[in-house]
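Me: I'm new to this one and would like to go through how the chains meet. Could you take me through it step by step?

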Amino acid sequence: MTGVRAVEQWAEAPLANFVRESGARLSLLTTTSGQVVAQYGFTRSIDVMAAAALGAGVVASTSLMTQMIGEVGYVKINNRGPGQGIFLAEFDTPRGKYVILAVYGSGSSAGLVQLFFEDLVEEITSSCPAPETRRVILAEDFERELNDNLAALFGRK
Amino acid sequence: MNDRIRILADELANNPVSLCFVELGALLRKIGDLTGAERVLAGGVARHPGHVEARSLYGEVLLDRGKLRDAFREWSEVVETEPRDVGARKGLGYLFYKGGQLDEALEHLEMALSIAPMDQQVRQAYSRIRKELESEETAASAAPRGAGDMMLADSRGRPLTGGLVTDGRDVSEEVAAYLVGVSDEAARSARMLKLGNWIWITTESGNGCLHISKPTDDSTLVLMGGPGVRPAEVEMRAESAAKTAKDWMDDSRVD
Amino acid sequence: MTAVSINFDRLLGRVTGIRGVVGAVVLDAEDGLVIAESILGGIRVNAVAALAASMYRRVSHTTKAAGHGPPDFVQLQAENGVLIALPGSCGTILAVIGELDLNIGLVKIELNKILVRQ
């Protein structure tokens with residue numbers, strides 16, 4: 001048991017390795033629009049949804065700001081508090097851009113999280129399947145998919 | 001059997017000093033009426049304190065009832081009166097074994113064997129305790145022990161043998177708990193930095209040095225040197241201690 | 001280039017000048033991030049920093065539990081080389097990667113000289 005809950009199975013092993021090696025207490029892999037792909041450590045769906053939305057929002061706004069000042073590259077943010085730190089980064093894969101959020105405590109460090117983030121990107125890049133063709137999402141499909149995904153993320157599926 | 005119990009109970013009721021209490025106690029024990037057996041034997045033994053067989057049986061019933069202290073007292077008194085009572089010797093051997101006093105247990109069983117050399121129960125118990133005692137002695141001589149400066153810990157952060165003492169305080173458990181993390185990190189660092197398998201770690205602080213190594217996959221050895229001790233000296237001691245620790249771990253696994 | 005980075009560059013230059021030293025990194029002890037480095041190719045610099053900081057932190061827990069206080073010198077001996085970590089000033093650690101036959105005694109003397117002069 002890795003403790004990782006994944007909507008997309010290809011994300012489970014890379015996220016589990018990342019969490020184990022980096023010592024992250026919580027971790028969330030989402031698309032840049034905040035759709036959750038896999039999570040570790042969250043116990044309430046409302047926290048997952050909020051963290052996913054906030055993470056995607058922070059990455060989007062930071063990305064825009066860096067563009068405004070003429071910088072290019074992927075967003076990578078680390079915030080260290082007295083007890084815990086947050087690492088938030090976007091990265092590219094053949095399937096598109098993804099966002100990783102990790103919360104770590106005193107047993108880990110920004111260095112460890114960043115080091116194993118590099119490995120995570122490599123693993124995901126090599127394990128994720130080719131992108132799906134985009135389809136129109138209807139309102140009822142959206143709600144059903146959202147509920148299915150939440151059920152998968154919290155082990156009720 | 002119940003008829004016999006009834007007859008003996010009637011006889012004892014009519015004649016309280018009858019020696020039939022021994023048979024009655026034994027039968028009650030046999031059918032699982034331990035409370036009844038204890039009551040009958042307690043009464044009989046009080047009236048016939050010199051009845052060695054009854055007292056030996058009474059000890060067994062007390063043991064069955066979980067009254068280890070009372071059983072011990074009873075059997076001790078029996079062997080004082082009759083040193084050749086096999087039942088009491090067996091009982092005392094068992095109680096000492098339960099208490100971890102293997103030498104004493106063996107002494108009583110040796111005596112029991114000298115009286116009843118063909119008693120299979122005694123023979124089995126004797127050989128088992130003998131073996132345990134031998135492996136304990138081997139471990140004691142082979143295990144890395146220092147005057148509080150050497151410890152072998154398992155892979156789950158628990159001290160296995162030896163111990164660490166600093167300023168009169170036993171720090172073994174605390175150190176053992178942290179060793180797992182050190183060992184894991186050493187393995188990961190060596191692997192990721194392409195240094196191969198890690199062999200040992202040495203640390204130097206104002207108050208002394210530590211030498212940490214892994215004699216086997218499931219153990220960690222730590223040696224501690226005080227302020228005046230040179231790290232190289234600790235390292236040399238650690239090498240031979242690691243060999244001993246490995247042998248000790250291998251022996252422990254076989255047993 | 002700032003005065004601080006010039007100092008680190010000098011320090012790293014002297015350390016990597018010691019025979020058998022493959023590379024050296026000055027890192028932030030708490031974050032495990034690289035401050036300055038001089039490493040030969042083939043080794044991930046951020047891995048040296050993150051792992052050396054984690055190693056030093058875990059070893060510190062052990063030495064403190066043993067009543068020794070934080071370590072002044074940590075050496076990880078492996079089959080193919082050594083990793084050394086020494087605490088520096090202002091919450092830094094100097095991590096040194098060396099070859100298997102690195103003369104530890106000489107490294108200690110040189111590092112002491114260097115750290116005293118810094």
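Me: What stands opposite Trp200(B) in E3(C)?

Reply: Opposite Trp200(B) stands Gln77(C), a residue of E3(C). Strand E4 of chain B, residues 198–205, and E3(C) run antiparallel and are joined by six bridges; strands pair when DSSP finds at least two bridges between them, and strands (E, at least two residues) and helices (H or I, at least four) are DSSP runs numbered from the N terminus.

Me: Before going on, what sort of model is this, and how are things numbered?

Reply: This is a predicted model, in which local features need pLDDT of at least 70 and side-chain atom pairs count only at pLDDT 80 or more, while totals for chains, interfaces and linings use all residues. Residues are numbered from 1 along each chain as its sequence is written, chains are lettered from A and ligands numbered from 1 in the order in which they are written, and side-chain values use heavy atoms, with hydrogens and water left out.

Me: OK, how many residues of chain C are in contact with chain B?

Reply: On the chain C side there are 34, in contact with 35 residues of chain B, where contact means heavy atoms within 4.5 Å. The two chains bury about 2900 Å² between them, 64% of it on carbon and sulfur atoms; buried area is the accessible area (1.4 Å probe) that two parts lose on being put together, summed over both. In chain C, Leu51(C), Thr62(C) and His68(C) lose the most area to chain B, together 22% of what that side buries.

Me: And how many salt bridges are there between chain C and chain B?

Reply: The count is two, a salt bridge being a side-chain nitrogen of Lys or Arg within 4 Å of a carboxyl oxygen of Asp or Glu. Glu185(B) and Arg58(C) meet in a salt bridge, at 3.6 Å from N to O.

Me: Switching over, what about chain A and chain C?

Reply: Twelve residues of chain A are in contact with 13 of chain C, and the two chains bury about 990 Å² between them, 45% of it on carbon and sulfur atoms. Within chain A, the residues that lose the most area to chain C are Arg80(A), Leu112(A) and Leu115(A), together 45% of what that side buries.

Me: Which residue forms a salt bridge with Arg80(A)?

Reply: That partner is Glu30(C), with the closest N and O atoms 3.6 Å apart, and across the interface of chain A and chain C the rule finds four salt bridges. Helix H3 of chain A, residues 110–127, gives the most to the side of chain A that touches chain C, with seven residues.
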